[in-house]
Amino acid sequence: MKGEELVMTPLKWFLPFLKKYRRLMAIGIVLTTVIAALSIVNPLISGVIVDDVITAGNYALLPRLILCLFLVTLVTSILRFVYQLVFETASQGTLYDMRAQVYRKLLEEDFDFYNRKRTGDLMSRQTGDMDAIRHFVAYVIYVVYQNVLLFVFALCMIFTVNGKLALCMLTVLPFTALSTYRQSREVRPAFQRNRNCFSSLNAFVQENVSGNRVVKAFAKEDFEKEKFQVENDRFRDAQISASRIWMKYVPIFEILSYALTVVLMIYGGYMVIQGEITLGDLVKVNGYLWMLNMPLRMAGWWVNDIQNFATSVEKIYATYSEEPKVRTPRIDETREKIRGEVEFRSVSYQAEGEDIVTDISFHVRPGQTVGIIGSTGAGKSTLMNLLCRFYDATSGQVLVDGQDVRQMDLYHLRDSIGMAMQDVFLFSDTIEGNIAYGRPDCSFESVRQAAIRADANHFIKAMPQGYDTIVGERGVGLSGGQKQRISLARALLKDPSILILDDTTSAVDMETESYIQSQLKALQNKCTVFIIAYRISSIKDADFILVMDQGRIIEQGTHEELVARGGYYAKAFRSQYGEIPYALLQEKNAK
Ligand SMILES: Nc1ncnc2c1ncn2[C@@H]1O[C@H](COP(=O)(O)OP(=O)(O)OP(=O)(O)O)[C@@H](O)[C@H]1O
Ligand SMILES: [Mg+2]
C-alpha cells in the first residue's frame, strides 16, 4: 500500500464516490436553497394580509395575495419532488459504485482474510451499512442543509421585524445546542453497540442457516434456540437502551420548542399592545416559528443519522482497507502457457506462530504425476495452497517453471491450475454452469467430455433435467461422490497445466476410482498432476510419492521404493492391501 493511502481516512475514501455526482448534488443544493427561500414568502404574505387587508381594509389586494400564496405553495411542491428525485438518484449512484468497489475488493482478499471474517459481518457491510450511507446522501444532507437555511432565514426575518424580539427568542438557542450535544454524546456508544449486536445477530443467523443440517443431525435445536435468544435479547436491549436515551431527550426538545412560542406570545403580544410591532408582524413571526422549531426539535435525530453514517463508512472502510497479504502483481507481458514444472525449495509455512509445514523440498518435471499421502493434518492441502499462492511461504521458495510464484502474474498462475478442492463447493446453478465455471464460454460438448472423464456423465444424464439440473446451495441434492466428480470435471475442463486433486476420489467406489485413474493417465506428459489421497490405490501409479507427517516430508520415492523401505508408506500399504501383496512384492524385489 502506498504511504498516502495509509493515512487515508474513511471520509476521504468516501468523498470521491459522492464527487462523481457533484453536478446532481449541486442542482439539489440549489433547489433546496430556493425552497428554503420560498418558505419565507408565505408568513410574509400572511403578515401583509393582517396589516393591509384586515386592519387597513385594502380588500382589493386580497386576490393577488392569495394567488401568490397558492403559486408559492405549488412551486415549492414541484421543487420538493424534483430535489428528492435528484438526491435519491445521486445516493443510489454513489451506493452502486461503492458496492461494486467493495465487492471487487472482497474478491481480491486472500484466504487469510476469509479465515478471520464472519460471513454475516461481511454481509452486514454490504447491506445495513450501505443503507445507512444511502440514507445520509438521499436524506440527511439536504434536510440538514435546508433546516440550517430555514433557521437562519427565519431569524433574519424576525430581526427585520424587531431586533429585540429576535434576541429574546435567541436566548432559547444555547439550551437546545447543549441538549443536542449531550444527547449525541450519550447516544453514540449505545448506537455503536446497537450496530455490533445487529451484525452479530446477522452472523449468527447466517451460520445457523448454513449449518442447519448439523444442528438437526445432533438434535441441537434447543441449544441453538437458547443461543439465538441470547443474541436476540442483546440486540433488543441495545435497541431499547438507545431508545431510552432518545426518550429522555424528547421532552427536553419539546419544552424548548414550546418555550419559543411562549416567548413570542408573551413578549410579542406585549410589544403589539405597546405598539412596537403590528399585529401583522406578530402573525408573520408566528409563521416563522416552525422554521426555528423544526431544526431544534430534529437536531438530535440528525446528529444520530450523521453518526450512523460515520460509523458505517468507518466499518466499510475498515473491511475495505485490509490489504491481502498475497499481493497480486499484474504482469502484462505475453503469457506463455505454463509447462507445469514445480519445485519447492526448503519451503516452510507458519500460521499464528505455529509451524504448519517445515522445510519442504521436491522437484516435479512437467507432465509427471505426484502422489501425496500422510496422516490427517499433516499439511498436504497446505502444500497445494502454497502452490496456488492462497498463502505465501514464510521461508523458502515455490517455483513454477523455474520462476518464483511470488513474481508471477497471480491470475495467470491460478488460471493454469485446475484444482478440485477437498471441501467441494458448488454454486446454486445448473450442473453445466458449475462444470463450465472456469471456462464459461466453452461448448456443451467440452462440458460433456469433461464429465465423461470424471465419470459424471452417466449420473448427470440420468437426472430428469440432465445438465440443466439446478444444484442447491453448496451442491445440496447430490451425493458426496457426485459432488466430487463434478468438482473434478470442473477442474479438468480448464485444460490446466497443473491439476490438483485434493482427496477427490475419497467418496467414490473403487471401480469409479480406477476408471478416473485411467482417464487421468491420458493427461500424462500433458499436465502435471498432484493427487492427495489416503488410499494407496489412488496414488500407487504416480511417478513419485511424497509421504507427509507433521508438516514434513518423511519419505519420498516411487511406490515400489517406498514399499521396499518398510516405513510409514509400507505400513499403510500393508494395512490397506493385507499381507499378501506385500509378501509378493518383497519376493519380487528379492529376485
Ligand atoms: N491458515 C491456517 N491457520 C492456522 N492453521 C492452519 C491453517 N491452515 C492449516 N492449518 C493447520 O495446519 C495443519 C495442516 O493442515 P492441512 O489442511 O494442510 O492438512 P492435511 O494434510 O490436508 O489434512 P487432511 O488430510 O485432513 O486434509 C492442520 O493442523 C491445520 O489445523
Ligand atoms: Mg487436506
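This is a predicted model: local features need pLDDT of at least 70, side-chain atom pairs count only at pLDDT 80 or more; totals for chains, interfaces and linings use all residues.
**Ligand 1**

The shell around ligand 1 has 13 residues, of which T376, K380, T382, Q422 and Y534 come nearest. By class, the shell residues divide into 7 polar, 5 nonpolar and 1 charged. Helix α13, spanning residues 380-387, supplies the largest share of this shell, with 3 residues.

| Residue | Protein atom | Distance to an oxygen atom of ligand 1 |
|---|---|---|
| T382 | N or O atom in the side chain | 2.4 Å |
| S381 | N or O atom in the side chain | 2.7 Å |
| A378 | polar backbone atom | 3.1 Å |

On its own, ligand 1 has 630 Å² of accessible area, and the protein covers 68% of that area.

**Largest nonpolar core**

In soluble globular proteins, nonpolar side chains tend to be buried together. In this model, the largest nonpolar core contains 43 residues. The members that touch the most other members are I431, I435, I460, L499, L520, I545 and Y569. Helix α18, which covers residues 480-493, gives the largest share of this core, with 6 residues. The core draws on two domains: at least three residues come from domain 2 (335-416 + 498-558), and at least three come from domain 3 (421-495).

Methods. Residues are numbered from 1 along each chain as its sequence is written. Chains are lettered from A and ligands numbered from 1 in the order in which they are written. Side-chain values use heavy atoms; hydrogens and water are left out. A residue is near a molecule or strand if one of its heavy atoms lies within 4 Å of it. A polar contact is a pair of N or O atoms within 3.5 Å; within protein, one must be able to donate a hydrogen and the other to accept it, and residues adjacent in sequence count only if both atoms are side-chain atoms. Accessible areas come from the Shrake-Rupley method with a 1.4 Å probe; for residues, only the protein chains shown count as cover. Helices (H or I, at least four residues) and strands (E, at least two) are DSSP runs, numbered from the N terminus. Ala, Val, Leu, Ile, Met, Phe, Trp, Tyr, Cys and Pro count as nonpolar, Asp, Glu, Lys and Arg as charged, and the others, Gly among them, as polar. A nonpolar core is a set of buried Ala, Val, Leu, Ile, Met, Phe, Trp, Tyr and Cys residues joined through side-chain atoms within 4.5 Å. Buried means under 20% relative accessible area, exposed over 50%, partly exposed in between (1.4 Å probe, protein chains only). Domain bounds come from an automatic or database domain assignment.
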